Amino acid sequence: MHFLSTYQRIISRLLLVSSLIVTGAMADEVIMPPAVANTASNNVPTVGPSRPKNIIIMIGDGMGPAYTTAYRYYKDNPDTEEIEQTVFDRLLVGMASTYPASVSGYVTDSAASATALSTGVKSYNGAIAVDTEKRPLTTLMEKAKALGLSTGVAVTSQVNHATPAAFLAHNESRSNYIDIAEAYLTSDADVILGGGQQYFTPTLLEQFSAKGYQHISEFSELASVTTPKVLGLFADVQLPWAINDKQAHKLSHMTQKALDLLSQNEQGFVLLVEGSLIDWAGHSNDIATAMGEMDEFASAIEVVEQFVRQSKDTLMVVTADHNTGGLSVGAHDKYEWHPEVLHKVKASPDVIATRAIAEDNWQPLTATLLGFTPNEAQYSQLQSARMQGNEPLSIALRKLIDIQSNTGWTSGGHTAMDVQVFAEGPGARLFSGHQDNIDIAIKMFSLLPQSVQTP
Ligand SMILES: [Zn+2]
């Protein structure tokens, strides 16, 4: 493939995509008569337009296949014989490779992967919607805006973190948080929801207001927002871990609000939803917190799934940008995994550590918060970690939860394994089988109005 220019490769991929669209449309009309459609479960729209009016891309940051597998067993009802399907099992259509531009090897970071997913071009690790020469690349959101569609992002990290940044800005480095926040002013995005107050100075917030944005910083204010544009920043940096914020389902609420606001545009919209903190828990090798974030993301996917089934003109595509931590569901040569342990953990290990350090009689408190009583040897390991401070104790607690649940990890960073692709709605079958992450973007570009000329 090296003798082909990038341009030639994009053209050949587009031709492939346009032929797939024709096939997909025919399959919808010919193979799926209404009688068949009616027998499909939950009124899945099997007859509808071949092109969507709205596109929703949902990214589980770091959510490699081990996470969705672990989540299935985490959600399993032990009182029934069968293992219940999750939303991921329901919507699975394919796989995607995630390698970045060759200058960065095979293991991608979130910036390069988000750039691939937002522009259809591979770049170096750290790149925010720029190519390997640091030239800006057209994003899905820019193209959508140019076509008169509305755009939005709803995430659980700071809104200017790598993934949303690659959809709304261009920068040579993901670390330039202030520049990226300022660039959001020109993105013209209609909905921006997540964390990140510390990156938005009062001056910058005034500029957003001058552009017609309603700025809110309390989560309770979200319900009262009835029209775009809105900039909602609900935390200094990241939103609270879901495990410490049980029943809150903030991502689901932000997603529902984004859908309500963006669907006011008759022309359609493109929305990015990210379960950002799955990756952060993965970097910390923190299985209890990771499952809390998976549940948060899965709930948001169910909100979108409902919207897709009702609207019939909306495509949802869910994927991960890469795999984090080399999570292993079962470890240490034992054929066991114990998700029931994770359900009993009452707070994230960093919160348990803070409380255990503040409490003289820390052992019973720790056992209560962990949901199990450590043995004597484990207590003495925790004791010495506790004397070293919050982070060492937090690490020791995570290791203890790993042992108790028999969870394994191979890295504190990312791994290069392929990720899954889930889709539903008009155009969903384009995403089946194996593809590369840039193909996901190229297919979404092709599904935007007027982007592919049909003769
Ligand atoms: Zn990461």
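Leaving aside neighbours within four places in sequence, Asp 321 is in contact with Ile 59, Asp 61, Thr 98, Ser 110, Ser 113, Ala 114, Leu 117 and Thr 163; contact means that C-beta atoms, placed from the backbone, lie within 7 Å. The model is a predicted one, in which local features need pLDDT of at least 70 and side-chain atom pairs count only at pLDDT 80 or more, while totals for chains, interfaces and linings use all residues. Residues are numbered from 1 along each chain as its sequence is written.

Asp 321 sits in the loop between β8 (314-320) and β9 (323-324). Helices (H or I, at least four residues) and strands (E, at least two) are DSSP runs numbered from the N terminus. Asp 321 counts as buried because it has 31 C-beta neighbours inside 10 Å; the cut-offs are 20 or more other C-beta atoms within 10 Å for buried, 12 or fewer for exposed, and partly exposed in between. His 322 is in the loop between β8 and β9, and is buried with 28 other C-beta atoms within 10 Å. Not counting residues up to four places away in sequence, His 322 touches Gly 62, Thr 98, Thr 108, Ser 113, His 414 and Val 419.

An unreviewed UniProt entry lists Asp 61, Asp 279, His 283, Asp 321, His 322 and His 414 under "binding site". These residues are spread over 354 residues of sequence, yet they cluster in space, with a largest C-alpha distance of 14.2 Å. Such annotations may be inferred rather than shown by experiment.

β8 belongs to an open sheet of ten strands with mixed pairing, in the order β5-β6-β4-β3-β7-β1-β8-β13-β2-β14. β5 (214-216) and β14 (433-436) stand at the edges with a single partner strand each, so one side of each has no neighbour in the sheet. Strands pair if DSSP finds at least two bridges between them. Within the sheet, β1 (residues 54-60) and β7 (residues 269-275) pair in the parallel sense over six bridges, and Ile 59 has Glu 274 in β7 as its bridge partner.

Helix α12 (residues 287-311) packs on the sheet, touching β1, β3, β7, β8 and β13 (419-424), and its direction makes about 160 degrees with that of β8. Angles run from 0 to 180 degrees between N-to-C directions of axes fitted to C-alpha atoms, for helices over the stretch in contact.

Strand β4 (residues 191-195) has five of its five residues buried. β4 pairs in the parallel sense with β3 (residues 150-158) over four bridges, and Gln 158 stands opposite Gly 195 in β4.

Notes: Contact = placed C-beta atoms within 7 Å.
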